[in-house]
Amino acid sequence: MAHERLKPKERKELIYTAAFTVCRKVGLSNVTREAIAKEAGVTEGLVSHYFITMKQLRRSVARKAMHDMDPVILSQMLTDNNFSDMLAPQHKQAALTHLAG
């Protein structure tokens, strides 16, 4: 069976989902293009094509985490000076609840 080529929007979503998964595992500040590419099954160049900078990618994942109220990434953001200023009170509370166990 031939491998079906993904449409650009689907490919970007695949990479984005992989980035979210990797961030949950290794931390928002520790994520790399290499790890995202491996998780998504694509090249690092393709990750760069859709997310020009790692800062752009990390901010995008952070916004999704806030939207989804993802406690793991919100907790990472709370303890990272690069992202803590993005958190609203409800995000901080979700992170603290998660950290408290």
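The legends below accompany several views of one predicted model, beginning with the whole protein and moving on to single residues and pairs.

Residues are numbered from 1 along each chain as its sequence is written, and side-chain values use heavy atoms, with hydrogens and water left out. Because the model is predicted, local features need pLDDT of at least 70 and side-chain atom pairs count only at pLDDT 80 or more, whereas totals for chains, interfaces and linings use all residues.

**View 1**
Helices (H or I, at least four residues) and strands (E, at least two) are DSSP runs, numbered from the N terminus, and the pattern read along the sequence is α-α-α-α-α-α. The C-alpha trace spans about 50 × 25 × 20 Å along its principal axes. Of the 101 residues, 38% are buried, where buried means under 20% relative accessible area, exposed means over 50%, and partly exposed lies in between (1.4 Å probe, protein chains only). The protein exposes about 6,400 Å², of which carbon and sulfur atoms supply 54%; such areas come from the Shrake-Rupley method with a 1.4 Å probe, and for residues only the protein chains shown count as cover. Among the contacts with a separation of 6 or more, 45% are between residues 24 or more positions apart, a contact being heavy atoms within 4.5 Å.

The buried residues of helix 1 are Arg 11, Ile 15, Tyr 16, Ala 18, Ala 19, Phe 20, Val 22 and Cys 23. After helix 1 comes Gly 27, whose phi is positive, near 105 degrees.

**View 2. Arg 11, in helix 1, is buried yet has no salt bridge.**
A salt bridge is a side-chain nitrogen of Lys or Arg within 4 Å of a carboxyl oxygen of Asp or Glu, and for Arg 11 the nearest side chain of opposite charge, Glu 10, is 7.6 Å away. Lys and Arg count as positive and Asp and Glu as negative, while His and the chain ends are not counted. Arg 11 counts as buried because its relative accessibility is 13%. If neighbours within four places in sequence are left aside, Arg 11 is in contact with Arg 5, Leu 6, Leu 46 and Tyr 50. Arg 11 and Ala 40 are 29 residues apart in sequence, and their C-alpha atoms are 9.1 Å apart in space.

**View 3. Asp 70 and Arg 24 meet through their side chains in a salt bridge (2.9 Å, N to O).**
Asp 70 counts as buried because its relative accessibility is 10%, whereas Arg 24 is partly exposed, with a relative accessible area of 36%. Apart from neighbours within four places in sequence, Asp 70 is in contact with Phe 20, Arg 24 and Ala 65.

**View 4. Lys 25 and Glu 39 form a salt bridge between their side chains (3.5 Å, N to O).**
Lys 25 lies in helix 1 and Glu 39 in helix 2 (residues 33-40), so this pair ties together parts that are 14 residues apart in sequence. At 61% relative accessibility Lys 25 counts as exposed, while Glu 39, at 39%, counts as partly exposed.

**View 5. Lys 64 and Asp 68 join their side chains in a salt bridge (2.6 Å, N to O).**
These two residues are separated by about one helical turn, because they are 4 residues apart in helix 4. Lys 64 counts as partly exposed at 27% relative accessibility, and Asp 68 counts as partly exposed at 38%. A search of the whole structure finds 3 salt bridges.
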